[in-house]
Amino acid sequence: MLVNYFKTAIGAAKRQPLIYSLNLFSLSVGLVAVFFMALYINYEFSYDQQWQDSEHVYRVELHNNQQGTHSAFVNALLAKSFESISNIESVQKLAPMDYWFWFEQQVSINNKSFKLTKTIAATQNITDIFSFTMLHGELSTALRKPNSIVLSKSEAIRLFGESNVVGKRLQRDVDTLIVTAVFADLAQNTHLDFRSIVPLSERYLGYIREYHDDSFVYVKLNASAQINVIEQSLSQLMNQRKLAKEPQLTVKLNHISNIHLQGAGTEEMKAGGAIESVLICIAVCVVLLLVLAINFINMSAAALSKRGREIGIKKALGVTWGQLFGQFSVESFLLVAFTILLSVGVCEQLLPWFSDLVGRPLSISQAWWQIAIIAFFTLFFGMLLTAYSVFIVAKKPITYLLSGSMSSGRKASKLKSTLIILQTSCAIVLIIGAVNLNKQLDFLQNLPVGYDSQNRLYIPNIDRSAFEPQSSLLARINTLPDVDSATFVDSDLTKEMPISMPISWVNKRNNEASVHFSGVGYQAAQVLGLSLIAGRDFSAEFGGDWYHKVTKVEADKSYAASVIVTRSLVAQMGIESAELAIGHSFTSVDSGRLNTFTIIGVVNNVKIGNVRQSTKPLFFACGLSWMGKVAIQTRLKPAASYAVKAEINQLITKKLAMAELSIENLADNYGAIYQQEQFLGRVINLFTGLSILLSCIGVFALAAYGVRSRQKETSIRKVLGASRLGLINLFAREYLYLVLVSTVVALPIAYLFVTDWLANFNEHVDQSLWVYLIAALSVAAITWLTVASLAFKAASTRPSLILRDE
């Protein structure tokens, strides 16, 4: 019996090669795309699931209600008191060390110089929350001594050429670090990113002030903890310790598995994903599955309707419904099973390309069960459709089946029309989404951010001792033929400005606020590309610009400096205009020092990091930095050669005796901000193209069957004098009407989805009517061309070849 079913299935495919080929191609292409998205979505949700008791681990994050900002950094001193709150079992602090001045990164091994990067300081209870795979030594005891260091396997090999390096030493100018343990490299699906660990010692805490937010703080809660109660207790504690006159900070606990998709943007150890991107990918995947299902229904119905006489003859010979179901189920199973196997094979071959596209190390073994579920439901859907179709057909009278008019009738027409409307609606929605997404990306790339990233080089990790007003190093760099100007900075404006300062000023009453600031050198506005709207730039001609002691009296701790402020800070201070702000001053107290800052310039608002963040009031202080390390930023001449990097590298490494130097293009750093949006744009464009292709295949299959079933009508009309163009429009009119209905359905849906997505941005494009018109007209044009090509072929056939047997 089964052998006969197989033979019948192969014979049916040979008799209808077009329908079966299109069905196979459509299913294969669609399933490959769906498998890709399943792998990507599964990987994005797999982040930080590997830690023991991860379901109870959260990261403490701060929301500044006054400024509307969100930060993942918390003060390490204040975090020590978190354990006093009930239901918190453990508190872990991870402090990045790359920018702290007391942590010397230059080390020497056998008279060879190396530079430690991506180092964190951690408390000794790190194993309470993070369960690293240890290769040599025990992490629970490795951080007890203040001069100990724990290395990753790759860092140990980089420094020593082998992984078993416990007991080996790294010489520094001030002390010696001893390797006490080696751990396996961190998995890629974690938000953590470091190569070595040092103890978070009392020496480190001695440099911290209560306004320094410097560490990532994680808490492990017991099973009975209520998240909202813990958040309220932490918020109250933070506001009390920061001595705020009114609550300004709200603490939120972010589950460790959510950090990758819902983290703090540029503050993270490495670039994360975005939950919006994943949700949009899921939605697009669902749309593609819907288009696939519609195509399968369309082509299966077209194939079945051509076999009406075959079914009628079998019924006349006594074949039962069960036997018909068995035959068509085998055919459906063969088609779908072969398609699934083909799709898995193609997916395996193209997976390296897709992994590069999304920037994730994807593997089928990571999500085999998702692929198995998709395959199972695809088979199940195929069998269910077959059972329903055979049941409907088997109910028809034998005379009806033998008449060859099985596809006619009101119900068949309604089903076909409904499926085409759904399919073209999906295509229109995706086209509108893709166009608006690309418009938004272009808008973000050209959004005024208050500084210039073009022709700028950023050189981080410069020792703070080089940060001085009469810098011979900057003087040498400025003499290079390709360098226009250079200055010191302590923040990369494309990433973050991590330090804030509590300031106070008088404007009718005493005012206080915590404001982010950046330490810079002379000519900062010119080098950074800030847009001055009032006042002047910092200049060596004005000696008082640089941070200095006001008097020579040792007991007098009064200091002063000039600052450039943003327009938003002027507004926050209550000053009516930028021009009136020039000459105003504000103060800040730090470690017994009274700092007075005089405003000499006002610039347009500066956006730090991702444009999704709200604009922060901030200021630039000349000669004052609270960062451990500073950076040098250069403004290059327009025709600068690539060799300028090598020249700058040679100057700095020789002058500061540095083993390694990183020179970054600020434009590349700025482009990295929109990595997720760019990825989303590529995926949406790809899936939109696939959706249009699959929709064309579906319309082509239905139109091909419809034109063929009306071949006699076409011949008669042609004999009666109908033109080719008239016949083409006759067939196309029906489908264009369905496209019109699809447009009415799709436009409001697309508008709601696009509006909701754009709401995630503080600044976004306005939706344009032409986008919706182009989407509808494009689908209409593609549909007309598809139907017209088939109708033209039918209209070109000689009527005598069709009507000779009538």
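Which residues does Thr 743 touch, not counting those up to four places away in sequence?

1. The model is predicted. In it, Thr 743 touches Ile 428, Pro 748 and Ala 776, once residues up to four places away in sequence are set aside. Thr 743 sits in helix α22, which covers residues 724–758. Its relative accessible area is 11%; because buried means under 20%, Thr 743 counts as buried.

2. The largest nonpolar core has 127 residues, and Tyr 40 and Ile 652 touch the most other members. Helix α2 (residues 17–44) supplies the largest share of this core, 15 residues.

3. For Ile 652, the contacts beyond four places in sequence are Ile 459, Ile 462, Leu 473, Ile 477, Ile 632, Ala 657, Met 658 and Leu 661.

4. Two pairings of β3 can be checked directly. With strand β12 (residues 216–221), β3 runs antiparallel and is joined by 6 bridges; here Leu 94 stands opposite Phe 216. With strand β6 (residues 119–122), β3 is also antiparallel, joined by 3 bridges. Ala 95 has Ala 121 as its bridge partner in β6.

Definitions and conventions: Residues numbered from 1 in each chain as written. Predicted model: local features only at pLDDT ≥ 70, side-chain atom pairs only at ≥ 80, totals over all residues. Heavy atoms only, no water. Helix = DSSP H or I, 4+ residues; strand = E, 2+ residues; numbered from the N terminus. Buried < 20%, exposed > 50% of the residue type's maximum accessible area, 1.4 Å probe, protein only. Contact = heavy atoms within 4.5 Å. Core = buried A, V, L, I, M, F, W, Y, C linked by side-chain atoms within 4.5 Å. Pairing = 2+ DSSP bridges.
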